[in-house]
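Please look over the sequence and the model before reading on.

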Amino acid sequence: MAYNKLNVFHWHIVDDPSFPYESATFPELSEKGAYNPITHVYTPNDVKLVIEHARLRGIRVIPEFDTPGHTLSWGPGAPGLLTPCYIGSKPSGAYGPVNPILNSTYQFMAVLFKEVSNVFPDFYLHLGGDEVDFTCWRSNPEIRSFMWQMGFGHDYTKLESFYIQRLLDIVSSYGKGYVVWQEVFDNGVKVKPDTIIHVWKEGAVPYQHKMAQVTKAGYRALLSAPWYLNRISYGQDWLTAYKVEPLEFAGSSEQKALVIGGEACMWGEYVDVTNLTPRLWPRAGAVAERLWSNETVRDPQDAYYRLADFRCKLLRRGIQAEPLYVGYCDHEYSGF
């Protein structure tokens, strides 16, 4: 990251398949939720080493503890935290997102995020809030009753907003700011004016429209929608990343000043230590150049020569960066 002048490490540290973060206050989370509680965890010392290694290279570390969805791995170590799903009038044995109607949920989150706030020194925490599947909530009779009592009707985005708002209040009480995925904005959750909205979706609504909406509402925006490097395609796909202009949306100069940067994402469904490095580099370097460059720096051929040369530098430094196209690096054949 330092070689490529990337200065923030967004660490999506837990997800549905595994809870590898070793918590001092809730050790059961990793003991029962990690792939392996001995070999596949981030110990407190591991986390300190990552933060210090990054600090020495001018890189901030922002952890993400994504809730209320993406939390299946939390369940075994935190009984009662997740929502029991039902089939008809009986529990199915499956669990869904965090249960947002219980006071115990917020007591748990208050303790966990107090620890996280102390462990990670950066002002910001990423709190997630994306891709919440409402199927389980809809099936649960206690949640349906709560929805009726609160006047939410059948709009489960209001229930999600209820949860997120309480979580944001908890995190704010520890003097932290937060980044949230764009669904929090889309669902109308009341957030602090300095909240960062992370725009990641590409689909029916182009991300440019969402950037315009977010900044028009006065929020700072972080863009990652066009830069998901875990997605690969044949050919020079670095060009697609390079040609993005993050400020290319309808809006005033004041709106565009609210775009604080962008993020090259690498998700792990099909990525591990065997293919992480070559899939990232030098493609992430193309994103970094776009984000650090004036919009007039647009010549892809010029960029190709510089990135190809830089890729050879990465190889000499021991970074297994994949080629941009056919060719070779001089040091591979020069005998030194």
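A polar contact here is a pair of N or O atoms within 3.5 Å, where within protein one atom must be able to donate a hydrogen and the other to accept it. A polar atom of the N230 side chain lies 3.3 Å from the backbone nitrogen of W267. The model is predicted. Its protein chain contains 13 helices and nine strands, and the count of disulfides is two.

**Overall fold**

- The radius of gyration of the protein chain is 22 Å, in agreement with the value near 20 Å that a compact globule of 336 residues would have.
- Taken along the principal axes, the box filled by the C-alpha atoms is roughly 70 × 50 × 40 Å.
- Buried residues make up 48% of the 336 in the protein chain.
- Among contacts with a separation of 6 or more, 66% come from residues 24 or more positions apart.

**Disulfide C85 to C136**

- The sulfur atoms of C85 and C136 are 2.1 Å apart and form a disulfide.
- C85 belongs to strand 3 (residues 82-87) and C136 to helix 4 (residues 135-139), so this pair ties together parts that are 51 residues apart in sequence.
- The link of C85 and C136 is left-handed, with -115° about the S-S bond.
- C85 and C136 are both buried.

**Disulfide C312 to C329**

- C312 and C329 are joined by a disulfide with an S to S distance of 2.0 Å.
- C312 sits in helix 13 (residues 300-316) and C329 in the segment after helix 13; the pair, 17 residues apart, links distant parts of the chain.
- About the S-S bond the angle is -85°, and the link of C312 and C329 is left-handed.
- C312 and C329 are each buried.
- Counting bonded cysteines along the chain, the disulfide pattern is 1-2, 3-4.

- N230 is found in the loop between strand 8 (220-223) and helix 9 (238-242).
- The relative accessibility of N230 is 17%, and the cut-off for buried is under 20%, so N230 counts as buried.
- Leaving out residues up to four places away in sequence, N230 touches C265, M266, W267 and R279.
- C265, one of the residues that N230 touches, is buried, with a relative accessible area of 3%.

Conventions. Residues are numbered from 1 along each chain as its sequence is written. This is a predicted model: local features need pLDDT of at least 70, side-chain atom pairs count only at pLDDT 80 or more; totals for chains, interfaces and linings use all residues. Side-chain values use heavy atoms; hydrogens and water are left out. A disulfide is a pair of cysteine sulfur atoms within 2.5 Å. Helices (H or I, at least four residues) and strands (E, at least two) are DSSP runs, numbered from the N terminus. Buried means under 20% relative accessible area, exposed over 50%, partly exposed in between (1.4 Å probe, protein chains only). Contact means heavy atoms within 4.5 Å. The radius of gyration is taken over C-alpha atoms; the globule rule is 2.2 Å times the number of residues to the power 0.38.
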